Amino acid sequence: NALRRELFLACGSYCGSFRQGEERGLSLKLLEMGMIVRVAANHHIDHYPQPRVGDRSSIIFWSARNFYQFGWRYIPLPTLIPFLALTTVRQVKNGLMKRRPLQPLAAMCCSLMDAWHTRGQRSPVSAGSFRAFQELSKAGVLRLSEVRAILKKHGRALASC
């Protein structure tokens, strides 16, 4: 991703407790500031995935932990409880499907301890920003006019740059 430095710093940069997927939280914080993430078209990007080495079962643990961390750090309280419940169901189902049922439960326990230790760092966005973020995340790539309509529906607007 490419981002102006002042925006990156203004929204708090990356959260250090995530192992991967920090972009999701960064996108949500940018949306709270009235900014959006845009897909660049017609540009070639080389992506070199890491070679698969060793036991990859920890991916289930880290994926689940990141969902819990995201919820704890950014989601407004009234929405947090249902989000955590749904996340637990999804992650346990994922663990069962991949024959690693204890990984999501271990992630949940680890996340509870992390939440306690980072309780002063919780910085939830507004309910409108989170609802808009959910809708935009499900919609995929949209025209700017469509994004504005979704933001307006949730009481949000784009900041003027």
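1. **Basis.** This is a predicted model: local features need pLDDT of at least 70, side-chain atom pairs count only at pLDDT 80 or more, and totals for chains, interfaces and linings use all residues. Residues are numbered from 1 along each chain as its sequence is written, and side-chain values use heavy atoms, with hydrogens and water left out.

2. **Length of α4.** Helices here are DSSP runs (H or I, at least four residues), numbered from the N terminus. Helix α4 covers residues 77-97, which is 21 residues. The expected span of a helix is 1.5 Å times one less than its number of residues. For α4 that gives 30 Å, and the end C-alpha atoms are 30 Å apart, so the two agree. Just after α4, Arg-99 has a positive phi of about 60°.

3. Buried means under 20% relative accessible area, exposed over 50%, and partly exposed in between (1.4 Å probe, protein chains only). The buried residues of α4 are Leu-80, Phe-83, Thr-87, Gln-91, Asn-94 and Gly-95. They cover an arc of only 95° around the axis, so they sit on the same side of α4. That arc is taken from the directions from the helix axis to the C-beta atoms. On the other side, Pro-78, Ile-81, Val-89, Lys-93, Leu-96 and Met-97 are exposed. The cover over the buried residues includes α3 (58-74) and α5 (102-117).

4. **Leu-80.** This residue of helix α4 counts as buried because its relative accessibility is 2%. Contact means heavy atoms within 4.5 Å. Not counting residues up to four places away in sequence, Leu-80 touches Gly-71, Trp-72, Ile-75 and Arg-122.

5. **Nonpolar cores.** A nonpolar core is a set of buried Ala, Val, Leu, Ile, Met, Phe, Trp, Tyr and Cys residues joined through side-chain atoms within 4.5 Å. The largest has 15 residues, and Leu-28, Phe-70 and Phe-130 touch the most other members. Two or more residues each come from α2 (22-32), α3, α4, α6 (127-139) and α7 (144-153). Helix α6 gives the most, with four. Leu-28 touches Phe-70, Tyr-74, Val-125, Ser-129, Phe-130 and Phe-133, not counting residues up to four places away in sequence. A second, separate core of five residues includes Leu-7, Cys-11, Leu-26 and Leu-30.

6. **Cysteines.** A disulfide is a pair of cysteine sulfur atoms within 2.5 Å. The whole structure has zero. For Cys-109, the nearest cysteine sulfur is that of Cys-110, 8.7 Å away. That is too far for a bond. Cys-109 counts as partly exposed because its relative accessibility is 46%.

7. **Salt bridges.** A salt bridge is a side-chain nitrogen of Lys or Arg within 4 Å of a carboxyl oxygen of Asp or Glu. The whole structure has two. Arg-65 and Asp-114 meet at 2.8 Å, N to O. Arg-65 lies in helix α3 and Asp-114 in helix α5, so this pair ties together parts 49 residues apart in sequence. Both Arg-65 and Asp-114 are buried.

8. **The other pair.** Glu-135 bridges to Lys-153, with the closest N and O atoms 2.9 Å apart. Glu-135 is in helix α6 and Lys-153 in helix α7, so the pair ties together parts 18 residues apart in sequence. Glu-135 is partly exposed, with a relative accessible area of 25%. Lys-153, at 56% relative accessibility, counts as exposed.
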